[in-house]
Amino acid sequence: MKTVIGIVIFVPLAVMIGGFAVENRTPLSLEMWPLDGIWTMWASLWVLIPLTVGILFGMSIGWLSGAGWRRRARRAERRVERLEHEAEAYADNPRATTPSTTRIPAAGDRIALPAQGRD
């Protein structure tokens, strides 16, 4: 389904960009104030190059802003894998304890409290 949606969006967009580039081949000269000289390129390039740079810049900002979420997801995946491994080991030998498991006292168990000094 992703492929079909990608084709439905990509092909018409590619045709429109190609048509825009072909129809705007007129040389356009621009003189930018801080730079010396006159730059001459097709009119379509004056539009498409900044558009491409802006899209890439925006995508990189989005990718960098998602770094924390990706790191958190990787940690969660590692934890799930570790817990699944421990569950499988426990299923194989239910009397064995793993280092991450602790015994919770039952309702009738006596709990030894640390002695406190009386002054």
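Which residues form a positive surface patch? R70, R71, R74, R75 and R78 do.

This is a predicted model, in which local features need pLDDT of at least 70, side-chain atom pairs count only at pLDDT 80 or more, and totals for chains, interfaces and linings use all residues. Residues are numbered from 1 along each chain as its sequence is written, and side-chain values use heavy atoms, with hydrogens and water left out.

**View 1. Overview of the protein.** The secondary structure comes to 3 helices and 2 strands. From the N terminus on, the order is α-β-β-α-α. Helices (H or I, at least four residues) and strands (E, at least two) are DSSP runs, numbered from the N terminus. Of the 119 residues, 5% count as buried. Buried means under 20% relative accessible area, exposed means over 50%, and partly exposed lies in between (1.4 Å probe, protein chains only). The protein exposes about 11,300 Å². Carbon and sulfur atoms supply 65% of that area. Accessible areas come from the Shrake-Rupley method with a 1.4 Å probe; for residues, only the protein chains shown count as cover. Among contacts between residues at least 6 apart in sequence, 12% join residues at least 24 apart. Contact means heavy atoms within 4.5 Å.

**View 2. The positive patch around R71.** R71 belongs to the patch with R70, R74, R75 and R78. R71 sits in helix α3 (residues 67-92). Its relative accessible area is 42%, so R71 is partly exposed. Patches are made of residues with over 30% relative accessible area and no salt bridge; like charges are joined within 9 Å, nonpolar side chains (Val, Leu, Ile, Met, Phe, Trp, Tyr) within 5 Å. Lys and Arg count as positive and Asp and Glu as negative, while His and the chain ends are not counted. The place of a charge is NZ of Lys, CZ of Arg, CG of Asp or CD of Glu.

**View 3. The negative patch ending in D92.** E77, E81, E84, E88 and D92 form a negative surface patch. D92 lies in helix α3. D92 is exposed because its relative accessible area is 68%.

**View 4. The salt bridge R82 to E86.** A search of the whole structure finds 1 salt bridge. It pairs R82 with E86, and the closest N and O atoms are 3.4 Å apart. A salt bridge is a side-chain nitrogen of Lys or Arg within 4 Å of a carboxyl oxygen of Asp or Glu. Both residues lie in helix α3, 4 residues apart, about one turn of the helix. R82 is partly exposed at 39% relative accessibility. E86 is buried at 17%.

**View 5. The surroundings of S44.** S44 is found in helix α2 (residues 43-65). With a relative accessible area of 1%, S44 is buried. Neighbours within four places in sequence aside, S44 contacts F20, A21 and N24.

**View 6. A nonpolar surface patch.** M1, V4, I5, V8 and I9 form this patch. Together they have about 540 Å² of accessible area. V4 is in helix α1 (residues 2-23).
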